[in-house]
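Dear colleague,

Please find below the structure for your review. My notes on it follow directly after.

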Amino acid sequence: MKRIALFLLTNVAVVVVLGIVASLLGVNRFLTASGLNLGALLGFAFIMGFGGAIISLLISKPVAKWSAGVQIIDGTGSADEAWIVETVRKFADKAGIGMPEVGIFPGDPNAFATGAFKNNALVAVSTGLLQGMTREEVEAVIGHEVAHIANGDMVTMTLIQGVMNTFVVFLSRVIGYAVDSFLRKNDENSSGPGIGYYATTIVLDILLGFLASMIVAWFSRQREFRADAGAAQLMGRKQPMINALARLGGAHPAELPKNMAALGIAGGIGKLFSTHPPIEERIAALQTNA
C-alpha cells in the first residue's frame with residue numbers, strides 16, 4: 001500500500017508542478033484565452049495518467065492468467081509442481097513477502113511475475129523453461145521473479161508509466177491548442193477547438209507516447225539488473241543465474257503479452273524499446289557486481 005500511496009502522491013505532484021510551471025510561463029492565460037481551462041486539463045491529465053495505469057496494475061493478475069493460459073498449482077500434483085511451489089515459498093520467506101500464487105503456462109522458455117501487491121502476487125514459469133533448464137537454473141529464474149516482487153517492480157513500473165501518461169496527455173493538448181490558435185488567428189468567429197487541435201493532439205499522443213515508451217523501457221532494463229542481483233542474493237551465489245541467462249541467450253524466449261513483458265525473464269526487440277538488457281550485459285553485470 002505504501003507504493004500505491006507513492007504512486008498517487010507522485011502523480012498529484014506532477015500535476016501540481018505542471019500547473020505551477022504553466023502559471024509561471026503564462027500558459028494558463030493563453031489557454032484561457034483560447035477557451036481551455038487549465039484546471040480542467042490538469043484534472044483530465046491526472047485521471048488519464050493515474051487512472052489507466054492503476055487499473056492496469058489492479059487487473060494485472062487475472063489478465064496475466066487469461067492471456068498466458070496460466071494454470072495455478074498448489075504443489076499437490078506432480079513432484080515437479082511440488083518442487084516449484086516449495087522453491088517459490090522458500091524464496092518468498094527469505095525475501096520477506098507473502099507467498100505468491102504459482103502457475104505454469106505453455107510455451108517456450110520464459111517466466112514472469114505480476115500483481116498489484118507484494119503479498120498477493122503471481123509467479124509463473126513456462127513448460128519450455130522447465131523442460132529446457134536444469135533445476136538449479138529454474139531455481140535462479142524463480143529467484144529473479146521473486147526479486148521483482150520483493151523490489152516492488154510492478155508498482156514502480158506502473159508509477160513511471162502513469163507519470164509518463166500524465167505528461168503525454170497534458171503536453172499534447174497544450175501544444176494542440178497552440179497550433180490550433182495559430183492556424184485560426186484571423187478567424188474571429190470561430191469558437192472551441194478546431195481541426196488543428198484534434199490533428200496535433202492525435203499526432204503528439206502517438207509521438208510522445210513512443211518517447212514515453214522508450215523512457216519506461218529504460219527504467220525496466222535497470223530493474224532487470226537489480227532482479228538478477230536479487231536472484232543471486234536469494235540463492236547465495238551468482239553462478240546459477242549466470243548459467244540460466246547463458247542458456248536463455250541460446251534459446252528463443254517466448255513472447256509474453258505486453259502487460260507482462262517488462263517483468264518476464266527475457267524479451268523485447270529493439271534496443272530503445274526493449275524492456276530487457278542484452279543477455280551478455282546482464283551476465284557481465286552479475287560477474288562484476290554480484
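Two strands are taken to pair if DSSP finds at least two bridges between them. Strands (E, at least two residues) and helices (H or I, at least four residues) are DSSP runs, numbered from the N terminus. The model is predicted, with local features needing pLDDT of at least 70 and side-chain atom pairs counting only at pLDDT 80 or more, while totals for chains, interfaces and linings use all residues. Residues are numbered from 1 along each chain as its sequence is written, and side-chain values use heavy atoms, with hydrogens and water left out.

The sheet

The chain has 12 helices and four strands. An open sheet of four strands runs in the order β1-β2-β4-β3, with mixed pairing. Its edge strands are β1 (71-73) and β3 (111-114), each of which pairs on one side only. From one strand to the next, the twist averages 25 degrees. Helix α5 (residues 79-95) packs on this sheet and touches β1, β2 (101-105) and β4 (contact: heavy atoms within 4.5 Å). The direction of α5 makes about 135 degrees with that of β2; axes are lines fitted to C-alpha atoms, for helices over the stretch in contact, and angles run from 0 to 180 degrees between N-to-C directions.

Strand β3 and its partner

β3 and β4 (residues 122-126) pair in the antiparallel sense over four bridges. In β4, Val125 is the bridge partner of Ala111, and Val123 is that of Ala113. Ala111 and Ala113 point one way from β3, Phe112 and Thr114 point the other way, and all are buried. Buried means under 20% relative accessible area, exposed over 50%, and partly exposed in between (1.4 Å probe, protein chains only). In a regular strand the side chains alternate between the two faces of the sheet.

The surface

Ile55, Leu58, Ile59 and Phe117 make a nonpolar surface patch of about 360 Å². Ile59 lies in the loop between α3 (38-58) and α4 (60-68), and counts as partly exposed because its relative accessibility is 40%.

Buried residues make up 46% of the 290 residues in the chain.

Kind regards

Technical notes: Patch = residues over 30% accessible without salt bridge, like charges linked within 9 Å, V, L, I, M, F, W, Y side chains within 5 Å. Areas by Shrake-Rupley, 256 points an atom, 1.4 Å probe, with all protein chains shown as cover. Salt bridge = Lys/Arg side-chain N within 4 Å of Asp/Glu carboxyl O.
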